[in-house]
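Please look over the structure shown here, with attention to its aromatic pairs and its charged side chains.

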Amino acid sequence: MGKSYPTVGEEYQKAVEKAKKKLRGLIAEKNCAPLILRLAWHSAGTYDVKTKTGGPFGTIKHPEELSHGANNGLVIAVRLLEPIKEQFPILSYADFYQLAGIVAVEVTGGPDIPFHPGRPDKSEPPPEGRLPDAKKGADHLRDIFGHMGLNDKDIVALSGAHTLGRCHKERSGFEGAWTANPLIFDNSYFKELLSGEKEGLIQLPSDKALLEDPFFRPLVEKYAEDEEAFFADYAEAHLKLSELG
């Protein structure tokens with residue numbers, strides 16, 4: 001890949017490892033992996049490749065960004081993580097939130113995602129409107145993820161993280177989980193998508209768009225068939241997302 005990463009000192013690296021253990025405990029105890037993953041994603045997903053603004057730089061902890069419509073409910077994640085963050089003042093919030101997202105995937109049985117520290121904290125929150133809208137289709141997804149510099153394969157692989165968690169009416173206007181086991185990271189999101197709507201499970205317009213698009217659909221079919229392929233592509237796409245900018 002040839003990507004060069006900032007170097008951090010030994011003390012910082014040790015803090016990362018210790019924080020990771022604490023995060024594993026918290027996420028397992030509180031069953032909050034989906035919420036923590038959403039925080040990491042929404043923090044990173046504001047990156048705009050053209051203006052080089054937004055991205056995973058800790059700005060999501062500011063009330064201004066937390067109040068964006070797409071971030072409804074994420075104040076809970078920020079509060080849950082704060083007691084651990086206070087134990088590691090050496091870590092940037094930018095690194096800490098992305099580390100938490102990676103741990104959330106790992107704790108629920110998902111792929112291991114490499115973590116490279118060195119993100120600085122920035123003070124300027126991005127403008128609202130850079131995150132995906134669940135009510136829209138394939139063109140919208142390409143537009144939003146294109147701004148981040150991500151491609152079709154990344155879009156479908158990252159959508160598979162909906163295997164975790166559920167929608168809450170008061171946060172998104174939708175209600176329900178995507179899969180029967182919303183605390184396990186596996187390929188069941190794609191299987192459910194292909195098997196059609198079921199009572200008690202949810203499929204959003206942005207999920208259905210993956211089936212209707214001629215480029216997205218073959219990837220959905222591939223991941224439903226082959227969990228290993230999904231895990232490999234997901235880990236690659238998540239790594240990209242967590243390192244935007």
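The count of aromatic pairs comes to 11, where rings of Phe, Tyr and Trp (its six-membered ring) pair if their centres lie within 6.5 Å, planes under 30 degrees apart counting as stacked, over 60 as edge-to-face and the rest as tilted. One of these pairs, F96 with Y97, is tilted, at 6.1 Å centre to centre and 45° between the planes. Both F96 and Y97 are buried, a term for under 20% relative accessible area, with exposed meaning over 50% and partly exposed in between (1.4 Å probe, protein chains only). Ring pairs also link F185, Y189, F190, Y223, F230, F231 and Y234 into a cluster.

This is a predicted model, in which local features need pLDDT of at least 70 and side-chain atom pairs count only at pLDDT 80 or more, while totals for chains, interfaces and linings use all residues. Residues are numbered from 1 along each chain as its sequence is written, and side-chain values use heavy atoms, with hydrogens and water left out.

There are 14 salt bridges, each a side-chain nitrogen of Lys or Arg within 4 Å of a carboxyl oxygen of Asp or Glu. Three of them are tabulated here.

| Salt bridge | N to O distance |
|---|---|
| E243 and K3 | 3.3 Å |
| R142 and D152 | 2.9 Å |
| K222 and D233 | 3.9 Å |

In the bridge between E243 and K3, E243 lies in the segment after α12 and K3 in the segment before α1 (10-30), so the pair ties together parts that are 240 residues apart in sequence. E243 is buried, with a relative accessible area of 11%, whereas K3 is partly exposed at 38%.

Key: Helices (H or I, at least four residues) and strands (E, at least two) are DSSP runs, numbered from the N terminus.
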